[in-house]
Amino acid sequence: MLQQDSNDDTEDVSLFDAEEETTNRPRKSKIRHPVASFFHLFFRVGAIVIYLLCELLSSSFITCMVTIILLLLCDFWAVKNVTGRLMVGLCWWNHIDEDGKSHWVFESRKESSQENKTVSEAESRIFWLGLIACPVLWVIFAFSALFSFRVKWLAVVIMGVVLQGANLYGYIRCKVGSRKNLTIMATSYFGKQFLRQNTGDDQTS
């Protein structure tokens, strides 16, 4: 079922209808997709290692910069298109309709009583740990490069923040739903708290 966010033209949809048959598989803690798990961390960790050890590995700034950018681009594509789908059942992308209007689509598998059985706990931990920790490190690198006046590295670290931050934002949207749904949930929660407090005050008085 498609749900369109009227504020920013986003859609939260169910993922991979053809794969619903996999919901009967038992949930396992072991890694079911070792290759995807490896490359989920390889590109992003590799880019960070090369950034930290650049002066030791090569005297050429251009070589290090190009290598880091290539790793970041490979990571962005792999995480966005492959590892998110395989490891946690989430996917996001952008498409343009016939009217030329841009739509952001955030997908997750349809909810069911056995939904969580399709996801490996170990893979889920690896996915979210890599997805969250690495952008945080690039933000730290950005402030470090700025305050240490390493201007030549700013373009590299900013690209790291943007590319990995985009994947982080996209998958958070897939996980928690649209901002519209979040707003409704927050409004409902605070409304209930408000009524509960007023009811309690009325009873005590």
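**Helix packing around α3**

Biologist: In this predicted model, is the crossing of α3 past α4 left-handed or right-handed?

Modeller: Helix α3 covers residues 121-147 and helix α4 residues 151-176. The hand of the crossing in which α3 passes α4 is left-handed.

Biologist: How do the directions of α3 and α4 relate?

Modeller: The axes of α3 and α4 come within 9 Å and cross at roughly 150°. Angles over 145 degrees count as roughly antiparallel. The relation of α3 to α4 is therefore roughly antiparallel.

Biologist: How many residues of the contact of α3 with α4 are nonpolar?

Modeller: On the α3 side the contact includes F127, W128, L131 and W138. On the α4 side, L154, V161, Y171 and K175 are among the residues. The contact has one charged residue and four polar ones, and its nonpolar residues number 19.

Biologist: How are α2 and α3 oriented to each other?

Modeller: Helix α2 covers residues 61-88, and its axis comes within 11 Å of that of α3. The two axes cross at roughly 150°, and α2 passes α3 in a left-handed crossing. The orientation of α2 and α3 to each other is therefore roughly antiparallel.

Biologist: Which residue is the charged one in the contact of α2 with α3?

Modeller: In α2, I68, L72, V79, T83, G84, L86, M87 and V88 take part, and they meet residues of α3 including S124, I126 and F127. The contact divides into eleven nonpolar residues, three polar and one charged. Glu counts as charged, and the α3 side includes E123.

Technical notes. Residues numbered from 1 in each chain as written. Predicted model: local features only at pLDDT ≥ 70, side-chain atom pairs only at ≥ 80, totals over all residues. Heavy atoms only, no water. Axes fitted to C-alpha atoms, helices over the stretch in contact; angles between N-to-C directions. Helix = DSSP H or I, 4+ residues; strand = E, 2+ residues; numbered from the N terminus. Parallel < 35°, antiparallel > 145°, perpendicular 65-115°, else oblique. Left-handed = near helix turned anticlockwise from the far one by under 90°. Contact = heavy atoms within 4.5 Å.
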